[in-house]
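Open the model in your viewer and keep the selection panel at hand. The tour below moves from one selection to the next.

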Amino acid sequence: MEYTRLGATGLQVSRICLGMMSYGDPDRQEWALPQERAEPIVRRAAEAGVTFFDTADVYSDGQSEVVTGKMLRAIFPRREDYVLATKVYFPMGEGRNDRGLSRKHIHAAIDASLRRLGTDYVDLYQIHRWDDHTPIEETMEALHEVVKAGKARYLGASSMWAWQFAKAQHVAQVNGWTRFAAMQPHYNLLYREEEREMLPLCADQGVGVIPWSPLARGVLARAGASGSSASTARTGSDPRIDALYDPDNDRVIVDRVAQLARERELPPARVALAWLLHQPTVTAPIVGATRDAHVDDAVAAVSVGLSDKELAFLAEPYRPREVRF
């Protein structure tokens, strides 16, 4: 495993971040693994050197945080040995104030997340989306209060327009509040619209980039597969796959991943992740894992070198598409 700083901070993270959305309560999220099935996978990642873990309050209606906290406490001797991230924004109840980025909800949400995670603080507290109904000044001040209270060490954001991210950073800077240290964008070989504005902005501002869905929800990992080997429990129950990707338009890229994987005698997932890890703005892709092989591919991808010719071969077929968060 390799390690790097999260953006311009002093925080050291592994080049692979394990996404914890796949773990929680199968009754709430059909393809989620319960703790007894998830813990060996998480332990395998930790033994391979992964120290960075990302979840959110909304995953499995909070159960992902519960399971994540229990597993990490069982696996790591000390709280200081791993970096834990979670998120706030999406509805966590039926009440009008059980969602969004108001001061009221942010303070309630961080306390609830800490209780579920069983920890005094998270290393990275992220806004899951932009809130059109709350002034950004209110949001950034409330997040700053969370940091000053010692409940979070750093702040991050996820998919939004670059102008929104720049506005949030400016508001924090002029008021002396904590700025975002990380951005979690949708970024992979099949979706590269963030290269236009968001990634250059992050590079300029020293913001760490931790892409979600680095394997396009598994589409890139299954490059060249057919029949049952081309599907998982998630592909049949996750409508976001069809919403985010177009099999017809993406086929040529998927085929190139499969071709290079055959030539290099590597699993397609390693090739696709290696391409992302070669991008200069990327700190650590957030990889979901429901099998040991998923962990092995992610960890091994850190050491896969791709030539400029190979990188260009994978990237060349991409064509602009609709922005999809």
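Select residues 152-158, strand β7. Five of its seven residues are buried, so the strand is largely enclosed by the rest of the structure. Buried here means under 20% relative accessible area, exposed means over 50%, and partly exposed lies in between (1.4 Å probe, protein chains only). Strands are DSSP runs of E with at least two residues; helices are runs of H or I with at least four; both are numbered from the N terminus.

A note on the source: this is a predicted model, in which local features need pLDDT of at least 70, side-chain atom pairs count only at pLDDT 80 or more, and totals for chains, interfaces and linings use all residues. Residues are numbered from 1 along each chain as its sequence is written, and side-chain values use heavy atoms, with hydrogens and water left out.

Two strands count as paired if DSSP finds at least two bridges between them. Click Tyr125: its opposite number in β7 is Leu155.

Now show helix α4, residues 136-148. Together, β6, α4 and β7 form a right-handed β-α-β unit. Right-handed means that, with the strands pointing away from the viewer, the path from the first strand over the helix to the second runs clockwise.

Next, select strand β8, residues 180-184. β8 runs parallel to β7, with four bridges between them. Ala157 faces Met183 of β8 here. From β7 the chain passes through helix α5 (residues 162-175) to reach β8, and this β-α-β crossover is right-handed too.

**The whole sheet**

Where do these strands sit in the sheet order? Show all eight strands of this open sheet: β9-β8-β7-β6-β5-β4-β3-β10, with parallel pairing. At the edges are β9 (208-209) and β10 (286-288), each pairing on one side only.

Move to β3 (residues 17-19) and β4 (residues 52-54). Three bridges pair them in the parallel sense. Pick Gly19 and look across to Asp54, its bridge partner in β4.

**Salt bridges**

A salt bridge here is a side-chain nitrogen of Lys or Arg within 4 Å of a carboxyl oxygen of Asp or Glu. How many are there by this rule? The count comes to 20.

Start with Asp123 and Arg79, which meet at 2.9 Å, N to O. The pair links distant parts of the chain: Asp123 belongs to strand β6, while Arg79 lies in the loop between α2 (63-75) and β5 (83-88), 44 residues apart.

Go on to Arg192 and Glu195, a salt bridge of 3.0 Å, N to O. Arg192 is buried at 14%, whereas Glu195 counts as partly exposed at 29%.

Then select Arg264 and Glu310, whose side chains meet at 3.1 Å, N to O. This pair also links distant parts of the chain: Arg264 is in helix α8 (residues 247-264) and Glu310 in helix α11 (residues 308-315), 46 residues apart. Arg264 is partly exposed at 30%; Glu310 is buried at 17%.

Last stop: Asp25, Arg28 and Asp61. Salt bridges with shared partners join these residues into one network.
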